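Subject: Handing over a structure

Hi there,

Here is the structure I promised to pass on to you.

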Amino acid sequence: MTNKARARRVRMILTDVDGTLTDGTLAVLPDGEEIKTYHVKDGLAVLLAQIAGLKLGIITGKTSKGLEHRAARLKIDELVQGAVDKMPSYRGILARHGLRPEETAYIGDDLGDLAVLKAVGFAAAVADAHPIVRRSAHYVCKARGGRGAFRELVDYILTAQGKWGLVTAEFETIFDRKL
Ligand SMILES: [Mg+2]
């Protein structure tokens with residue numbers, strides 16, 4: 001099956017956080033709180049996917065208050081934090097949304113992502129993912145983690161689904177209304 005055919009079936013896009021939505025670096029404050037930086041291109045990807053009617057989810061092994069805020073602001077459908085083993089979280093998401101594995105895509109960067117990558121219908125890796133992860137992915141992004149890789153995956157899926165024109169047209173009307 002081609003990547004395009006895989007991407008066409010996707011109804012929910014799931015992502016890892018550290019090393020995927022971020023470049024993997026963490027700033028640790030004296031009180032132990034960690035600061036991550038996200039890319040605006042990936043934030044816009046969330047909006048574009050939502051316009052296209054796709055659901056979105058985050059599965060991360062770590063826990064961060066900042067991520068909770070960002071996920072709420074972006075109206076992400078599912079945020080699962082502290083998921084050291086990501087498979088139970090993934091199965092829970094499938095059950096809650098009534099989805100089959102082939103209707104989900106997942107993007108990750110490291111070994112903790114392998115199980116979910118092997119389970120989903122469309123598996124993606126960031127450009128600087130671990131070699132094993134890249135080999136397990138159907139699609140390896142040109143962009144690195146935290147540098148628009150998630151956006152690249154969303155663009156690919158929207159294009160494969162023939163929704164790119166609709167999404168950009170709708171995006172422009174949203175933009176007009178905000179002016
Ligand atoms: Mg990661």
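In which order do the six strands of the open sheet come? The order is β5-β4-β1-β6-β7-β8, and the pairing is parallel. Two strands count as paired when DSSP finds at least two bridges between them. Strands β5 (78-80) and β8 each have a single partner strand and stand at the edges, so one side of each is left without a neighbour in the sheet.

A word on conventions before the details. Please keep in mind that this is a predicted model, in which local features need pLDDT of at least 70 and side-chain atom pairs count only at pLDDT 80 or more, while totals for chains, interfaces and linings use all residues. Residues are numbered from 1 along each chain as its sequence is written.

**Overall picture**

The chain has eight helices and eight strands; these are DSSP runs numbered from the N terminus, with helices being H or I of at least four residues and strands E of at least two. For 179 residues, a compact globule would have a radius of gyration near 16 Å, and the chain agrees with its 16 Å. That radius is taken over C-alpha atoms, and the globule rule is 2.2 Å times the number of residues to the power 0.38. Along the principal axes, the C-alpha atoms fill a box of roughly 45 × 45 × 30 Å.

Of the 179 residues, 36% are buried. Here buried means that 20 or more other C-beta atoms lie within 10 Å of the residue's own, exposed means 12 or fewer, and partly exposed is in between, with C-beta atoms placed from the backbone. Looking at contacts between residues at least 6 apart in sequence, 55% join residues at least 24 apart. A contact requires C-beta atoms, placed from the backbone, to lie within 7 Å.

**Walking through the sheet**

Strands β1 (residues 12-15) and β4 (residues 55-59) pair in the parallel sense over four bridges, and Thr15 stands opposite Ile58 in β4. Four of the five residues of β4 are buried, so this strand is largely enclosed by the rest of the structure. On to β5: β4 pairs with β5 in the parallel sense over three bridges, and Leu79 in β5 is the bridge partner of Ile58. The chain gets from β4 to β5 through helix α3 (residues 65-73), in a right-handed β-α-β crossover. Right-handed means that, with the strands pointing away from the viewer, the path from the first strand over the helix to the second runs clockwise.

Strands β6 (residues 104-108) and β7 (residues 122-125) are also parallel, over four bridges, with Phe122 in β7 as the bridge partner of Ala105. Helix α5 (residues 114-119) carries the chain from β6 to β7 in a right-handed crossover. In β7, Phe122 and Ala124 point one way and Ala123 and Ala125 the other way, and all are buried. Two bridges join β7 to β8 (residues 139-140), again running parallel, and Ala125 has Val140 as its bridge partner in β8. This crossover, from β7 through helix α6 (residues 131-136) to β8, is right-handed.

Leaving aside neighbours within four places in sequence, Val154 is in contact with Ile13, Ala45, Leu48 and Ala49.

The buried residues of helix α2 (residues 40-51) are Asp42, Ala45, Val46, Leu48 and Ala49. Its twelve residues should span 16 Å, and its end C-alpha atoms are 17 Å apart, which agrees; the expected span is 1.5 Å times one less than the number of residues. Gly53, with a positive phi near 85 degrees, follows α2.

**One glycine to look at**

Gly148 lies in the loop between β8 and α7. With 22 C-beta neighbours inside 10 Å, Gly148 counts as buried. Not counting residues up to four places away in sequence, Gly148 touches His39, Lys41, Asp42 and Ala143.

Best wishes

Key
Contact = placed C-beta atoms within 7 Å.
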